[in-house]
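This report describes one protein model, from its surface to its cores. Please view the sequence and structure below first.

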Amino acid sequence: MTTDAAAVPDWEKRFRAPRVSLPDWAEDAPDRALFVSNATGTYELYAWDRSSGRQRQVTDRPNGTTDGVLTPDGEAVWWFSDTDGDEFGVWMRQPFGGGEDEPAAPGLAPSYPAGLAIGRDGSAVIGRSTDEDGTTIHLVPTPGGEPVEIYRHRESAEVGDLSHDGTLIALEHTEHGDAMHSALRVVRPDGSTVAELDDTEGGTKELGLTVLGFAPVAGDTRLLVGHQRRGRWEPMIWDPVAGTETALPVDLPGDVGAEWYPDGSALLVEHSFEARSELWRYEPGAPEPVRVETPAGTVSGATARPDGTVEYLWSSAERPPVVRSTSGAVVLDPPGAKAPPSVPVQDAWVEGPGGRIHALVQKPAGEGPFPTVFEIHGGPTWHDSDAFASGPAAWVDHGFAVVRVNYRGSTGYGRAWTDALKHRVGLIELEDIAAVRDWSVASGLADPERLVLAGGSWGGYLTLLGLGTQPDSWALGLAAVPVADYVTAYHDEMEALKAMDRTLLGGTPEEVPERFEASSPLTYVDAVRAPLYISAGVNDPRCPIRQVENYVDRLAARGAVHEVYRYDAGHGSLVVEERIKQVRLELEFTLKHLGGGAVVGAPGPEAA
């Protein structure tokens, strides 16, 4: 049966419109690139020969594939193979031009990934994380060769980068026990230490470091790193061999990241501030950076090409994403119908208990107050931005205002704002959300009788916690892949997230039971009065299904109004029709309980 394109609502078109990621190109073969696209209806990896224009689908799996990297010579694609979205698997290798997949490191058992760096000599450095071993890092000297363990620790760690000549390996680690603030170590391929850089002072000082990349030049031992020494993320150059650190005069508000230009002569600076982002070029030794012109909105990724042009993935809340070049061209334009635009985002600044809170507001035509969805971002160390998002746009199409809150714990507003999330986990964020909720009602934006608390992952967690601790504030809840029972979640989740929870809460459930109890939605489940819709992936390693079932059992035991949708994937879905189905179910549940018109484009009874 064919579908009349004119009858398909805009909100579905936005999900189905073909999308592409920013192409990642091979360091020594820049005409060979790798990108992610949903062209088949599932997000998969694609190889692109830019010289001929030929594109080829690399992976084809029922639940999709997004993790992949090209070898420096462009001869092969490495991609991560898990099972139905459980994030536990092995790296596979496939020739760039096509051919059979083979295990890239057959000597390594399946694990959660902890970074990957591939050398020009065919070697690879592979990070692994398991519940049994913590983090291990292995050198694979030749394709398919026998791996050699060069690092092991119970706490989380990750492969950062490999130097141009393969003689230096940069690692991020949290051996000091603070999973939010990594230290750096540079080692030789035999695992021997070259140098350390640690801004935590043994865990007594909360300053993080991150690897941004070795200089892409033979014999150059400079490493670009991000640091927080001035209260925000910004780059500096560290030479672990010479033992020197070079501060960079990139004095921009907000968080600043960077990567090297291909010849190592300059840095491409990515600047994020108040939910927008922009690009700059900085040449070491220059007094200040130079602006790289991009439209107002959000740059979700950027790369400098060998000819000096910059390619970047851009969008705004109103305009769908596109891969552009500073030459003025659209770099990669997938065939098919384009996503319809949405409405622009408006900024709201609200005084809260921990300082000014930034919220982003989208609203439909007409005068308020509107039924309003508070769409809470995941992370928690993440932030909402002025970027295109099909989910919020669907709510606006159905007459809802959408408010997104960058609560304490969010990135992009300085280190103190992010690091405020400690010990009173969940409750701190909900204080900020409550302040914005009160503002939305007082300003006339939101109808206080039709307020929806919604979110996925950490946003789903805050939804459940908010419905239990603020039961009079919300008319309905929508929680996707949430933390629901914090103690069980801790024991079932992947090892790296255990480390993060120990950092956030100050210990394990056995060491600080009162904190886990205070921060667990299960503690307050009997206070939930609003109708509640929960969706969960049965293979989710981040918010595992058992702890969701514990929460649902408590709802069912007292006859609370709720619905649960379980789907065969992990922490979300890479299948477009599955995403549409989930949004449709949320819309139907909300309109059923809050009143309103039918869901535009909802299937009839025969298609249900």
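## Surface and charge

The protein chain exposes about 23,500 Å², an accessible area from the Shrake-Rupley method with a 1.4 Å probe. Carbon and sulfur atoms supply 50% of that area. The model is predicted: local features need pLDDT of at least 70, side-chain atom pairs count only at pLDDT 80 or more, and totals for chains, interfaces and linings use all residues. Residues are numbered from 1 along each chain as its sequence is written, and side-chain values use heavy atoms, leaving out hydrogens and water.

The chain carries 50 positive and 92 negative charges. Lys and Arg count as positive, Asp and Glu as negative; His and the chain ends are not counted. Each charge is placed at NZ of Lys, CZ of Arg, CG of Asp or CD of Glu.

## Overall fold

Ten helices and 36 strands make up the secondary structure of the protein chain. These are DSSP runs numbered from the N terminus: helices (H or I) of at least four residues, strands (E) of at least two. The C-alpha atoms fill a box of roughly 65 × 55 × 50 Å along the principal axes.

Of the 608 residues, 56% are buried, meaning under 20% relative accessible area with a 1.4 Å probe, protein chains only. Residues 24 or more positions apart account for 52% of the contacts with a separation of 6 or more. Contact means heavy atoms within 4.5 Å.

## Nonpolar cores

A nonpolar core is a set of buried Ala, Val, Leu, Ile, Met, Phe, Trp, Tyr and Cys residues joined through side-chain atoms within 4.5 Å. The largest has 57 residues. Phe374, Ile433, Ile534 and Tyr551 have the most contacts inside it. Beyond four places in sequence, Ile433 is in contact with residues including Phe374, Val405, Leu453 and Trp474. Another core, of 39 residues, lies apart from the largest one; Phe15, Val58, Tyr565 and Val583 are among its members.

## Helix H7

Helix H7 spans residues 495-505, and eight of its eleven residues are buried. Among them are Glu495, Lys498, Asp501 and Arg502. Their cover includes strands E10 (124-130) and E11 (134-140), plus helices H5 (458-469), H6 (486-492) and H8 (513-519). Glycine 506 follows H7, with a positive phi near 85 degrees.

## A buried loop residue

Threonine 42 sits in the loop between strands E2 (29-37) and E3 (44-49). Its relative accessible area is 12%, so Threonine 42 is buried. Beyond four places in sequence, Threonine 42 touches Ser37, Arg61, Pro62, Asn63, Gly64, Leu574 and Val575.

Note on methods: Buried means under 20% relative accessible area, exposed over 50%, partly exposed in between (1.4 Å probe, protein chains only).
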